[in-house]
Structure formats: structure tokens, C-alpha cells
Amino acid sequence: MSGMLSYLVFFASVVLILGIVVLGLNLQWGFTGLFNAGVVGFYAIGGYTFAILTAAPLSGHMGNFGLHWSLGLLAAMFVTALAAWAIGALTIRLRGDYLAITSFGIAVTIQLVTLNWGALTGGPNGLTRLGRPLAGWFDTPAAFNAAYLVMLAAIVALVYWGLERMLRSPWGRVLRAIREDELAAVALGKNARRFRLEAFVIGSALMGLAGALYVGYIGFVSPFDFLPILTFQAWAMLIVGGSGNNRGALLGALVVWGIWTVSGIAVTKLLPPSLAAQGAAVQVILIGAALVAMLLWRPRGIIGEEAVVSRHTTD
Amino acid sequence: MSVSLNMLGQAIADGLLTGAVISLGAIGISFTMQIMRFANFSHAELLTWGGYLALVGVGFIGAGLPTAGLSFGLGLVAATLLAMLLTGALAWGVDRLVFRRLRRSGAHHLTLVFASFGVGLVLRHVIVLFWGHESRFYTQELQIAIELLPGVRVMPDQVFILALTMIIVLALHLWLKHSRTGIAMRATAESPALATACGIEIDRVIRATWFIGGGLAALSGVFVGLTPQLNAEIGGSLLLALFAAAILGGVGSLPGAVVGGLLVGLAENLMLLWVSPGYKQSMSFGVLILVLLLRPQGLFGERQEGDR
């Protein structure tokens, strides 16, 4: 029973962390129409920044500064934002799909750096003994996990509230105006590139925060926590839940991660170990096909975007 | 680290050979980007499919007797031709099934990019499902390297690949310039609306684009499989290089894709003289960033300001 409960706590924590990623992606795609094909890259930048700054000092490592976790979280967001700004500034002025290609490139490059730059990232072994948030305040792992879950829920609530506020502000309305009709927005004197870049940077910073929260939770970091499939999962969550709707983004995180986890368990339980690779392949094929089908027949997702009518027009 | 002249020569030879493979893949990605206006992330998987379809063919008829120092004979050639046709059909089939429906439903062109992301994943994992993650070979023949210059060695297969690539590109160039379908393709690339107004059947142009892109991708995949092996990741690991080549050359330009491919191949291999091979894939990313920074329209491309 307690095993089941602790598993549910773990599951919920992962869903909340991924929820932050999907909220960030929703700001980029759902509200601004920016295609980020390197979600995992930004997630990894956040995770590794946090790990490098907070890990206990170790000889032979350039990083491992042993800083406090709160600094780690802030720095993770800042460094991720910086990376997003660099590629955004370069590509947002160009064809829409160039941002997709370069963000994909960032993800590949980050993966190679984490694997190969051992002195900084620990290479395939990763980094351990990180400065975990809340650690030291609780005696048992169960208490820590429960407290971490509460903290994650609070952070998600804060992010959700902040995003809703921003999207209902003039800033958010401009984003949607640009997404719907860039020419009209520009004609009204809005600097489309600047708004797009801001949305891209903020969304990516949220992904970086999520990455930091994830490695802070599990207490170590390695390249295998940041596999390319994560980009695809985050997209699946957004599309299934309903892009353009923050509640849909969170719901999508729950539904897709639930399906992914259950199908993963089914594959390991039902298939002999010799067929593990095939089972994993079937899992990806099914989710991929479901996603393409969703795009074709129900692009709105489960919830979808609410039609917004100005309150000034109805009297 | 000091780099000797031999190493430099070898890197240039290897770079040109990698470049030929990248060029063939980049042609399709570049044409799709220009004619259908979306970056097709699933294109790289067509390389993998081509490679494995040829493997199936070789499984039935054998790779043929090694001739003229090559590691294979007519069997592989026949299997490759068949694989090119089938991969072209696959690319076109996927378009009918997914991309065309999205185009007709008036979806945003970035939705197509996203769909291609999903299609690519499905295509790759179907390969994993049937063949797993192990490496495969067309033949077990050993080859003796030729010493072109002192210290610069190439395999006969590699020379064959480079020569064949150049012949095919030249033929394609002439076909685009003179055949009816070729002219229609160039017109559509320039302006789909104007082309339709002139009575060009866009559907035919699109079909030709997929068959050419898919066929050349298959050829590229077979070449990767020959030098030296095939696995489920060959396409995916080249994706960035293909995009870099297409954009460096100028989207929609055949000479651009070829020159871009050769330059990316050269850049990759030359940089490997100084940088650890672990970073190979990010080399093409570096090239891509430089192009976007300095000349986003590419070498042979026309400026498309604000084309979103």
C-alpha cells in the first residue's frame, strides 16, 4: 500500500514538473505560434545548470560549486533564458521553420555536451550529491517526497496564475494578435519580433526551471534523463490537452504521462526482455500515430482554446 | 595538436565523401522546403528506410559478385533501384495520408512541421521494430583501400559513390532545366499561386518532388550503409547536416543543396581534426548558425524577407 502511495507521489511530481514544461511550450506555440523542436535541450540546460552549481565540490570537475539550491533554481532559469534569447534573436526574424531547426540543433548539441564534456557535466556518469531543494528539513524520504510534491504544486499554481495574468494583459493580447495576423499587428505599431522573442525566452526559462526542479527532485543528473523523446512527449501533452489553453496544457501532461507510464509498464510486464526494444518501439509508434491522428481530426485537443470576445463589444 | 598534411588530405577526401551522401539527402529536404513550404523533419528517416529496403532486396537476390574492386555487384545495384522507387512511393504515400490532408484543411505550415516530427518518429521506430538496434551490412566483402596521395586512402566504394552522385546530380539538373515536369517544379517553387494560374497541376509537381526527394534519400541511405554499416539511427543522426546543407546552399536550389552538402561534409571532417568526434553532429549545427548569422538566404538562394 505504502509502495503504491509513494509511487503515486512520484508520478504526480513528475506530472507537475512536465506540466511546467508544457505551460512554457504553450506560451510559445499555443499563444505565439513559435515552433520549439528542442524542448529537451532547454530542459537539460536548466537541469545541468542547477546540477553544476549546486553539486558538492569534487576534484577533477570544473563545476560542482556547492551553491545553495535557491541560487541554482534562479541560475537555471537565467541560463536557459540566455540560450533561448541567443537562438531566438538569430532565427525569429527568418522563416518560421528555422526556429524549429535551430532549436532542434540546440537540443542535439546540449546532448553531445552532456555526454562528452566530462569535466563540466560528468559525462555519461553525470553528477551526484546535488543541493536538493528542501533537503535536510525532513528526516525520511517519504516526508521529503511529500513536501516536494507540495512545493511543486505551489510552483505550478504560481506559474499558471502568472501566465494567465500575462496572457490577459495587453501583452498577451498582442501575442495572439501577432499569431493570428502579423501584418495587422505590425500595422498597429507592434514590434512583432520583440513580442515573439519575449514569449520564446519566457517559455524556455520555464522549461529550464522544470529541468532544475526535476534533477533537484531525483538528486542526480545524467544525459539519460534528457532523451530526445521528451521533446515529442511535451508536444504530445500540449496537443492532446489543447494548445492555447493553460488548463489543457496541464491536463495533457497528466493524460499523456499517464498513458506513457501505463503502456511502459504493460510492455515490460507482457513482453519477454528479449523483445524490450521492439516493445518500446511499439510504444513510440502508437503515441506518434495518435498524435498525427489528433492533428488531423481533432486539432483543438481535449479542451482547446477558448474563443475570446472583447468585453467591450457585448452590452 | 599539430595537423600533418596527410591528415589534412585525408580529412578533405573523407569530407567530400560524407558530403556526397549529405548532398543527396539535402536535395529532397531543400525541394520540400521550397515547394511545400515546410521543414520536413521526417525526411532523414527516408534515408534509413531506403537503406533497409535495399537490405531486404539484397536478402532476396544477394549483393552480387564483387566487381572492379567494389564490395558489391549488380545485386545491390538492382536492390538500390528498387529501394529508391519504393522510398519515393513511401514519401508520396505519407504525403497523401498526412501532409496533403493538413494542407487541404488549411492548417498552419508549422503544423505540418510538427506532423513531420511525429511521422519521423513513427517511421524510425517501425525500423527498430523489425530490425532492432543492431548494425547491418550489405556484404561481408573486405575492400583494399587505394592510396590516392601519400597517406590519403579511400575505398573503391567511396570513389564509386562520389562519381555516381555527381552523375545523378548532373542528370537531375538537366531534367529540371528541360523536361516539362522539371520546368513545372521550378515554376511552383517560385510561386505556387502563379504556377496554378498558368495551368500547372500542383499535385503532379508535388508527386514528382516526393519521388525525387525520396529516391535520392534512399540512395543516400544505401551509401551510408555501404560505408560502412546500416542502423536505425543513420537518418536521424544526419538530420541536422541535411538542414544545414539545404540552408547553406539556399533553399530550393539544386546546385545549392549539392555544394551545401559538400561544404558541410568538409567542415565536419576538417573540424574533427581539432575537436573530439563526440561532437560530430553539432558541427553541422555550427555551420547552420554561421549561415543564419551571415547569409540566411544561403549561397544560391534569393532573399525572402519576412517569409513566415
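**Figure 1. The contact between chain A and chain B.** In this predicted model, chain B brings 38 residues to the contact and chain A brings 34; two residues are in contact if their C-beta atoms, placed from the backbone, lie within 7 Å. On the side of chain B that touches chain A, at least two residues each come from helix H3 (74-104), helix H4 (109-131), helix H9 (239-249) and helix H11 (280-294) of chain B. Helices (H or I, at least four residues) and strands (E, at least two) are DSSP runs, numbered from the N terminus. With 15 residues, H4(B) gives the most to this side of chain B. By residue type, the side of chain B that touches chain A holds 24 nonpolar, eleven polar and three charged residues. Here Ala, Val, Leu, Ile, Met, Phe, Trp, Tyr, Cys and Pro count as nonpolar, Asp, Glu, Lys and Arg as charged, and the others, Gly among them, as polar.

A note for all the views: residues are numbered from 1 along each chain as its sequence is written, while chains are lettered from A and ligands numbered from 1 in the order in which they are written. As the model is predicted, local features need pLDDT of at least 70 and side-chain atom pairs count only at pLDDT 80 or more, whereas totals for chains, interfaces and linings use all residues.

**Figure 2. Chain A, with twelve helices and zero strands.** Read from the N terminus, the elements of chain A follow the order α-α-α-α-α-α-α-α-α-α-α-α. Chain A has a radius of gyration of 20 Å, close to the 20 Å that the globule rule gives for 315 residues, so it is as compact as a globular protein of that length. The radius is taken over C-alpha atoms, and the rule is 2.2 Å times the number of residues to the power 0.38. The C-alpha trace of chain A spans about 60 × 45 × 35 Å along its principal axes. Of the 315 residues in chain A, 49% are buried; a residue is buried if 20 or more other C-beta atoms lie within 10 Å of its own, exposed if 12 or fewer, and partly exposed in between, with C-beta atoms placed from the backbone. Take the contacts in chain A between residues at least 6 apart in sequence: 76% of them join residues at least 24 apart.

**Figure 3. Helices H11 and H12 of chain A, packed together.** Helix H11 (residues 246-270) and helix H12 (residues 276-297) of chain A meet at an angle of about 150 degrees, and their axes are 9 Å apart. Axes are lines fitted to C-alpha atoms, for helices over the stretch in contact, and angles run from 0 to 180 degrees between N-to-C directions. H11(A) and H12(A) are therefore roughly antiparallel to each other; angles under 35 degrees count as roughly parallel, over 145 as roughly antiparallel, 65 to 115 as roughly perpendicular and the rest as oblique. Their crossing is right-handed, a crossing being left-handed if the near helix is turned anticlockwise from the far one by less than a right angle, and right-handed if clockwise. From H11(A), look for A:Trp260, A:Ser263, A:Gly264 and A:Val267, which meet A:Gly279, A:Ala280, A:Gln283 and A:Ile287 in H12(A). This contact of H11(A) with H12(A) has four nonpolar, four polar and no charged residues.

**Figure 4. Helices H1 and H10 of chain A, packed together.** Helix H1 (residues 2-30) and helix H10 (residues 229-241) of chain A pack at about 70 degrees, with their axes 9 Å apart. H1(A) is thus roughly perpendicular to H10(A). The crossing of H1(A) and H10(A) is right-handed. A:Ala234, A:Met237 and A:Leu238 in H10(A) meet residues of H1(A) including A:Leu18, A:Val22, A:Leu25 and A:Trp29. The contact of H1(A) with H10(A) divides into eight nonpolar, two polar and no charged residues.

**Figure 5. A:Gly208 and its surroundings.** A:Gly208 sits in helix H9 (residues 192-218) of chain A and is buried, with 33 other C-beta atoms within 10 Å. Leaving out residues up to four places away in sequence, A:Gly208 touches, among others, A:Phe42, A:Ile45, A:Gly46 and A:Met77.

**Figure 6. B:Ala246 and its surroundings.** B:Ala246 belongs to helix H9 of chain B and is buried, with 35 other C-beta atoms within 10 Å. Beyond its neighbours within four places in sequence, the contacts of B:Ala246 include B:Ala26, B:Ile29, B:Met33 and B:Gly260.
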